[in-house]
Amino acid sequence: MSAPPVVFDSVYKKFKRGELYDSLRDLIPAMTRRLLQPRHPEALERREFWALNDVSFEVKQGEALGVVGANGAGKSTVLKLLSGIMRPTMGAVRMRGRLSALIEVGAGFHTDLTGRENIFLNGTILGMTRAEIARKFDAIVDFAGMKDFIDTPVKRYSSGMFARLGFAVAAHVDPDILVVDEVLSVGDYVFQQKCQERMEEVIRSGATVIFVSHNLRAVADLCPRSLLMERGKIAAIGPSEEVLRAYMQRAQGQRVVDPEAPVALTRITVRDAERERLDFRSGEQAFIDVEVRARVRVERIAVVLDLHDESHYSVFNTSSERLGTPPATLDPGDTLHCTFALDLHLGAGAFNVGLYLHRYDAQKQYDHWFPAATMLVTPDRDIRGAVSLYPTVQRYDVVRAGAGLNPVPATT
Amino acid sequence: MIATLRELVRRRDLLYMLALRDIRVRYKQSVMGFLWAILMPGLIVAAGILVRYGFAVSGRTVVTASEMLAVSVKSIPWAFLVGAIRFSSNSLINNTSLVTKIYMPREIFPLAATLAQITDLLVALTLLAVLLVVFHVGASWELLWVIPILLIFVLLVAGWGILLAAASLFFRDVKYIVEVFLTFAIFFTPVFYDSSLFPHYGHWLLLNPVAPLLQGLSATVVYHRAPELPWVAYSTVWALVTCIGGLALFKRLEPYFAESI
């Protein structure tokens, strides 16, 4: 058994807030200080902080690891250490094999050059040879879908075309280790689909993949195992479903309830009949438990439930009152428990659950919590869009010309 | 050092493409296009001849055709030096998005900038060769010295380019110092004149490692004399030290590039 292709061995990375010394005036004192004092890499100086603090993990051959976490949790730093752009302050990063990083697609593009020239430029930047690019050139152009514009300078491209060409080049590097950072969000729906398929292909080909994304659904789909970063540390690592649920629970935990609020949403749980869940299949039943606490007396409270898709379109909205449940009046210290049952006739995607406390007759909103939870829905058939209408094909007959009811008369 | 060179050889296609990018971009959307590669050194040569002529007039001496040609022979490598050092010392800053986003051996950026200038140098040298033939300068075995001298010259310039690229990444001050230096260095380098013009201080001028190389070029090409070998050896040591030392320092600083740029 050979060593795993990616190993992080108690890695620390230190960064500095604010400006580095930018001119000689700041440099000379810093240099003398550095010469006079012994260096302590483990000690933090003024304005310094740990971007990564004792991070250790391994990725096995052919494994796809998802990396999730809030902004500033240290995901990008992990990627930069992986790709060799930076070196850790302490600890070791060990890599085996050719690495390709889809970190910023089109980073190497020069706007004055044509698409063709940029394919070669960007391809060599990503580590391909010119012969290799020449061989894959047609496939790249085809993937990007821009045969007609290949000899146009890329400064005339739309931003979507730019990103598509960038991804197309990057997708044709055959790496042993692929590092992907939030690039599946470029292009239109069809192109995104294509990118995801390409990633699946890379994973199937036996490459090791590290995938950083805020698109939790894509992480759940592509990566069996995930890693959750939080303030420079590993908060959780394990099966994606568990890690993603932990991530969402933490996101909820970060909500600060205004202590002055008269009444507040205090807990929201998404579950099936037995246990807390994140992943659902279309048509399954989900329960959403809502807990509300009152600080002072509030009258005629109703709970509003809202479901948004990833593009923040509201796909569904209802409330306890509109469903015929009389609003509740709470005295100080009272707790209201409300459970919604939903049949998830939804299409593929991540759906964010939002909850609101309303008083309908006074048109007053007491509290809102969005996103309070997320549900990842996988449909049972190949459909696109926010909902599943459980389509089947009822008729698919070809009526042949000449044999059909109204044959087209042959022209003489 | 060996590993560094091996990686450079492996990524030679990238070096080529980056140099090609620099060349293409320089002449895109300009009416004159590639003619600029000829015109720029041409202007420097013209300025040099004018200055040399001015010296002669004010000193009431006669300027010979050979002296004019010697000025041309020295001006063209000088134009290369100015361009290569200017572009390579800015090469990392101008490629910030690549330096911070994608891994590659970063010395490729100053080297590609130098390589792009070498193509301009070659174009200008070809034209110079035509000029020399037209003026019946003639040929001799001494001409073979041109190749090693130019190689040492390029090595010296590349070494400085690598050093200055790293230095200006950390301190933008370097960028301005380089500009001032490039503007005034021509007064202290025997380009438009010869170090023999100053009988007492001439050898001090040759301490500038560029000077023996430029004078060596004019000596071999125009006067068919061997260059002053001890001085050429002196420049060679400079070239090797800047190149190897520059690259070693560059590689030591490289891990800090992405977070310091």
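The model is predicted: local features need pLDDT of at least 70, side-chain atom pairs count only at pLDDT 80 or more, and totals for chains, interfaces and linings use all residues. Residues are numbered from 1 along each chain as its sequence is written, with chains lettered from A and ligands numbered from 1 in the order in which they are written. Chain A carries 8 helices and 18 strands. Helices (H or I, at least four residues) and strands (E, at least two) are DSSP runs, numbered from the N terminus.

**Chain A overall**

- Of the 412 residues in chain A, 36% are buried. A residue is buried if 20 or more other C-beta atoms lie within 10 Å of its own, exposed if 12 or fewer, and partly exposed in between; C-beta atoms are placed from the backbone.
- Among contacts in chain A with a separation of 6 or more, 72% link residues 24 or more positions apart. Two residues are in contact if their C-beta atoms, placed from the backbone, lie within 7 Å.

**Helix α5 of chain A**

- Helix α5(A) covers residues 159-171 and has 13 residues. From first C-alpha to last it reaches 18 Å, close to the 18 Å expected at 1.5 Å a residue. The expected span is 1.5 Å times one less than the number of residues.
- Its buried residues are A:Phe162, A:Arg164, A:Leu165, A:Gly166, A:Phe167, A:Ala168, A:Val169, A:Ala170 and A:Ala171.
- The cover over these buried residues includes β5 (99-102), α3 (115-125), α4 (130-144) and α6 (189-204) of chain A.

**Contact between chains A and B**

- Chain A gives 27 residues to the contact and chain B gives 22 residues.
- On the side of chain A, the elements that give two or more residues are α1 (24-36) and α3. The largest share, 5 residues, comes from α3(A).
- By class, the side of chain A that touches chain B has 13 nonpolar, 7 polar and 7 charged residues. Ala, Val, Leu, Ile, Met, Phe, Trp, Tyr, Cys and Pro count as nonpolar, Asp, Glu, Lys and Arg as charged, and the others, Gly among them, as polar.

- The axes of α3(A) and α2(B) (residues 12-27) come within 8 Å and cross at roughly 140°. Axes are lines fitted to C-alpha atoms, for helices over the stretch in contact, and angles run from 0 to 180 degrees between N-to-C directions.
- That angle makes α3(A) oblique to α2(B). Angles under 35 degrees count as roughly parallel, over 145 as roughly antiparallel, 65 to 115 as roughly perpendicular and the rest as oblique.
- The crossing of α3(A) and α2(B) is left-handed. Left-handed means that the near helix is turned anticlockwise from the far one by less than a right angle; right-handed means clockwise.
- From α3(A), A:Glu117, A:Phe120, A:Leu121, A:Thr124 and A:Ile125 meet B:Asp13, B:Leu14, B:Met17, B:Arg21 and B:Arg24 of α2(B). The residues of this contact divide into 5 nonpolar, 1 polar and 4 charged.

**Helix packing within a chain**

- In chain A, α3(A) and α4(A) pack at about 125° with axes 10 Å apart. That makes α3(A) oblique to α4(A).
- The crossing of α3(A) and α4(A) is right-handed. A:Ile119, A:Phe120, A:Gly123 and A:Thr124 of α3(A) face A:Arg130, A:Ile133, A:Phe137 and A:Ile140 of α4(A) in the contact.
- In chain B, the axes of α4(B) (residues 65-89) and α8(B) (residues 146-170) come within 8 Å and cross at roughly 25°. That makes α4(B) roughly parallel to α8(B).
- α4(B) passes α8(B) in a right-handed crossing. By class, their contact has 9 nonpolar, 4 polar and no charged residues.

**Backbone sites to check**

- Most residues other than glycine have a negative phi, and most peptide bonds are trans.
- A cis peptide bond joins A:Phe370 and A:Pro371, with omega about -10°. A:Pro371 is in strand β18(A), residues 364-378.
- A:Tyr390 has a positive phi of about 45° although it is not a glycine. A:Tyr390 lies in the segment after β18 of chain A, and counts as exposed because it has 12 C-beta neighbours inside 10 Å.
- B:His224, also not a glycine, has a positive phi of about 55°. B:His224 is in the loop between α11 (210-221) and α12 (229-253) of chain B. With 14 other C-beta atoms within 10 Å, B:His224 is partly exposed.
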